[in-house]
Amino acid sequence: MSGLTGAPVRDLLVVGAGPTGIAIGAEARRAGLSVLLVDRGPLLASLVDFPIEMTFFTTRERLEIAGVPFAVPEDKPNRRQAIVYYQAVARAFGLEIERHCDIVSIRRTDGGFEVAGRARDGARSFRARAVAVATGYFTNPLRLGVPGEGLPWVHARFRDPLPHSGERVVVIGAGNSGAEAALELFRRGAQVTLVHRGTEPKPTIKYWVRPDLENRIAEGSIAVRFSATVVGFLEGSVEIARQGGRERLPAEAAYVLIGYAPETGLLSDAGVLVDGVTGVPLFDPESCETPVPGLYVAGTVQSGKETQRIFIENSRDHGARIVNHLLKGRGTSIAAEVSAHSLFPGGAELSNKESR
């Protein structure tokens, strides 16, 4: 691998700079380890691409990482507050971050790992004693694979309902993403039709969202086509197939929100066994280590295709698990509580103002 001569050897390289990646990096810095975060996009790319009006159902204390208080007055923070909070944590710990660099290979060596990346201006090479993969799932939306899916008005992510006021919008998929998008679009004045291949909304829809969606469908505010599949996108319409035949739904916009696929190719290529059915990589839940010594998995990538099982609120301790495992041989532990005042240069804390 070119470019490795003289390259610094970090104690830990983290693939992914979302909330879980930042949590791992913060715990590593907290323990005195050198760490580098590498992400194919900007910092917190997944949150940046979340729906603009999204509010977390999870309360703020369950989103906190590395002992840093999430100091906002609201019990349930919104997307912007979460982005500002995690950005502030990254700054407070002085995390070194390589943005817009896609990791393409992780290779085990005698001294640790050689990691290859592809940045905007060319190849990148890194060396580390250990690697943690925290790539999440939000970068890989599932596609229908039908004609016209690449048209500019057909989208794989939903962010903002406001541009669609007064428009006819077709939402494909009745899981959490589809249900929440349909409701937001309806409330901002769009004429929404929900298309789903099942006979009812998916059972995994959040319990507080489901009744709202069902009521809007029952009153006719949101049109629905159950037991239907999309067969193509034409200019100005979405063609669907149902038992009674085919139908064209007029549309100025369409959102294909049928889920996300885990990105496990990097792990497979590195020698980690990944279940072909579930997409779950083989790892130790206590340490997050895979059978490849020094290679860890954290966050949603642990859940394979069941991406709804793991979020930041139940993966924020993965960083502590990984770092504790790395430090076992040194007789060191980061399990003890550390006061917030000791976390930042000069004893500074995150202020309410900074977290809003």
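Predicted model: local features only at pLDDT ≥ 70, side-chain atom pairs only at ≥ 80, totals over all residues.
The largest nonpolar core takes in 45 residues, and Ile-22 and Tyr-86 have the most contacts inside it. Strand 2 (12–15), helix 1, strand 3 (35–38), helix 3 (79–92) and helix 7 each put in at least two residues, with helix 3 giving the most, at six. Setting aside neighbours within four places in sequence, Ile-22 touches Ala-17, Leu-37, Leu-43, Leu-44, Ile-65, Tyr-86, Val-89, Ala-90 and Leu-95. Apart from this core sits another one, of 24 residues, including Cys-101, Ile-106, Val-133 and Leu-295. Nonpolar side chains do tend to be buried together in soluble globular proteins.

The buried ones are His-318, Gly-319, Ala-320, Ile-322, Val-323, Asn-324 and Leu-327. They pack against helix 1 (19–30), strand 8 (131–133) and strand 17 (295–297).

Turning to charged pairs, a search of the whole structure brings up 21 salt bridges. One of them joins Glu-263 to Arg-40, with the closest N and O atoms 3.1 Å apart. Glu-263 lies in the loop between strand 16 (253–256) and helix 6 (265–269), while Arg-40 lies in the loop between strand 3 and helix 2, so the pair ties together parts 223 residues apart in sequence. Arg-40 itself is partly exposed, at 40% relative accessibility.

Glu-214 bridges to Arg-210 at 3.0 Å between the closest N and O atoms; the two are four residues apart in helix 5 (residues 210–218), which means about one helical turn separates them. Arg-210 is buried, at 18% relative accessible area, whereas Glu-214 is partly exposed, at 36%. Arg-216 pairs with Glu-219, the closest N and O atoms being 2.8 Å apart. Here too the arginine, Arg-216, is buried, at 16%, and Glu-219 is partly exposed, at 48%. Both belong to a salt-bridge network that also links Arg-187 and Asp-212.

Finally, the surface. Phe-57, Tyr-207 and Trp-208 make up a nonpolar patch with about 340 Å² of accessible area together. Phe-57 sits in the loop between helix 2 and helix 3 and is partly exposed, with a relative accessible area of 33%. Asp-75 is also found in the loop between helix 2 (45–48) and helix 3, and counts as partly exposed at 42%. Beyond its sequence neighbours within four places, Asp-75 contacts Thr-59, Arg-60 and Glu-61.

Notes
Residues numbered from 1 in each chain as written. Heavy atoms only, no water. Buried < 20%, exposed > 50% of the residue type's maximum accessible area, 1.4 Å probe, protein only. Contact = heavy atoms within 4.5 Å. Core = buried A, V, L, I, M, F, W, Y, C linked by side-chain atoms within 4.5 Å. Patch = residues over 30% accessible without salt bridge, like charges linked within 9 Å, V, L, I, M, F, W, Y side chains within 5 Å. Areas by Shrake-Rupley, 256 points an atom, 1.4 Å probe, with all protein chains shown as cover. Salt bridge = Lys/Arg side-chain N within 4 Å of Asp/Glu carboxyl O.
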